[in-house]
Amino acid sequence: MVSMPEQTRPAAPRSFATAQIQAGFDSGVAENTAVPSIHQSNGFEFRSLTEARELFALRKDGNIYSRAANPTVLVFEKRVAELEGGIAAAGVASGQAAVAVALLALAKQGEHIVAARQLYGGTVDLLQDTFADWGIEVTFVDQDDLDAWRAAVRPSTRALFAESISNPIAQVLDLGAVAAVAKDAGVPLVIDNTVATPYLQRAKDFGADIVVHSATKFIGGHGTSLGGVVVDLGTFDFTAQPGRWPQLTATYPRVPDGSLVERFGETGSPYIALVKTKYVHDLGPSLSAFNAFQLLQGLETLDLRMQRHTASALAVARFLEAHPAVARVHHPGLDSSPWRTQAQTYLPDGTSSVFAFDLHATGDPDADFRLVEELISRLQVIRLVANIGDARSLVAHPASMTHSHMSPTQLAEAHIGPTTVRLSIGLEDARDIVDDLARALDRIPATADSTELAESVAG
Ligand SMILES: Cc1ncc(COP(=O)(O)O)c(C=O)c1O
């Protein structure tokens, strides 16, 4: 089926573990396959020109062309929508595309977004660079400073945006409090739930309105397939202030004689219809059927994998915290974390398996870089890869890799230092991961003494 954002209504309530395997797929198709098929077809044959006309006019649901919608992608969309408790979803080519189209559908030229400072570096690039080119202004605030969120809101603000667990420092957002600011401002709260996944946190339960994911990460879970998804949680009423949202409430040229709210307001999601029929259709960041299939396979084990990921990550964080070469561990499951209380509220089933730690910095940028390089070069189990949420344990140096486009001030505001090392703990045996770090840290000095460091690196 196409396109459109029909609401996800399971016949009977089902638990997370059942939904992650069954949601969105009806096995009663002609081929009777037990698992969703890969519908690797660009286009779909119409029975008649009359049918084609009805489909193009969005009067009828059905398959047209895979840039806009594809049957395998639709199963993926329905499944993620159900796991997030949403009403409809749009699968896209990457997490970056998901953030872009989710926000473009809310804010246009001359309008404004308030976003957390603590974001994945690629998202910062998008918001401060490309959105600026397009005349969409973004104010960045410290995500823990509720007054700053409130003060940044303007009449032209159209969305608040943050990550539920930030990459790479694993700050846990006080989602309920930021949702209250969004509610007062009359705009939706958009949450990037990539690191938490719907298994660790249903952002809807705390007041989010729209969720985005890089499905490339834990949803796929095996480092093979890029993908993203935007989920409408069905909580934001775009008709309460219709003048603010003309893209949804005024006549939409692509729906004959009406608005998206009139066409989809009762039966689906006008917002997801806009994401698909305008932004994915026009810009083209479509999710391929093959990748949707891979992501569906990943989803089927999401709960099991997240349990292992988070338990192993906490064990690694505890080991690192006790190691003299480590200056600080940023993990919300540790009692020393400033976000421990928030983690207890928002992540009761396990905290983050993406987190960071700092080596003792020397104050000399070159020496700090060599220190991190020395550590990383000694790792044998944990691999140097710019990705997270993989079955493999991965390491990265945010300041020179994923967050390298940020200014020194932005890095400091996001708590990323020159010796901050990011880990994404995989599914290997936790003892092997700890042993790997223990071996690598063995040669790293326990103080910020640069002479000792120089000797260590030279030796
Ligand atoms: C939190 C977060 N959001 C979005 C993205 C972008 O996702 P993708 O690489 O799938 O485009 C990433 C990538 O690392 C991420 O970590």
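Begin by selecting the ligand together with the shell of residues around it, to which α4 contributes the most, giving three residues. This is a predicted model, and everything you select on the way is part of that prediction.

Stay with the ligand and colour the helices α4 (95-104) and α5 (121-133), each of which supplies at least two residues of the shell. The ligand has 17 residues around it, and those that come nearest are S94, G95, Q96, S214 and T216. If you colour this shell by residue class, you will find 10 polar residues, five nonpolar ones and two charged ones.

Next, select V101, A102, L160, V230 and V275, which are the residues with the most contacts inside the largest nonpolar core, a set of 139 residues. Now colour domain 1 (16-299) and domain 2 (302-458): both give residues to this core, so the core lies between them.

Which residues does V230 touch, leaving aside those up to four places away in sequence? Select V230 and look for A89, A90, V92, A98, V101, A102, I210, V212, I272 and V275.

Finally, clear the selection and view the whole protein, which has 18 helices and 12 strands. Its radius of gyration is 23 Å, close to the 23 Å that the globule rule gives for 459 residues, so the protein is as compact as a globular protein of that length. Taken along the principal axes, the C-alpha atoms fill a box of roughly 80 × 50 × 35 Å, and 53% of the 459 residues count as buried.

How values were computed
Residues are numbered from 1 along each chain as its sequence is written. This is a predicted model: local features need pLDDT of at least 70, side-chain atom pairs count only at pLDDT 80 or more; totals for chains, interfaces and linings use all residues. A residue is near a molecule or strand if its C-beta atom, placed from the backbone, lies within 6 Å of it. Helices (H or I, at least four residues) and strands (E, at least two) are DSSP runs, numbered from the N terminus. Ala, Val, Leu, Ile, Met, Phe, Trp, Tyr, Cys and Pro count as nonpolar, Asp, Glu, Lys and Arg as charged, and the others, Gly among them, as polar. A nonpolar core is a set of buried Ala, Val, Leu, Ile, Met, Phe, Trp, Tyr and Cys residues joined through C-beta atoms within 7 Å. A residue is buried if 20 or more other C-beta atoms lie within 10 Å of its own, exposed if 12 or fewer, and partly exposed in between; C-beta atoms are placed from the backbone. Domain bounds come from an automatic or database domain assignment. Two residues are in contact if their C-beta atoms, placed from the backbone, lie within 7 Å. The radius of gyration is taken over C-alpha atoms; the globule rule is 2.2 Å times the number of residues to the power 0.38.
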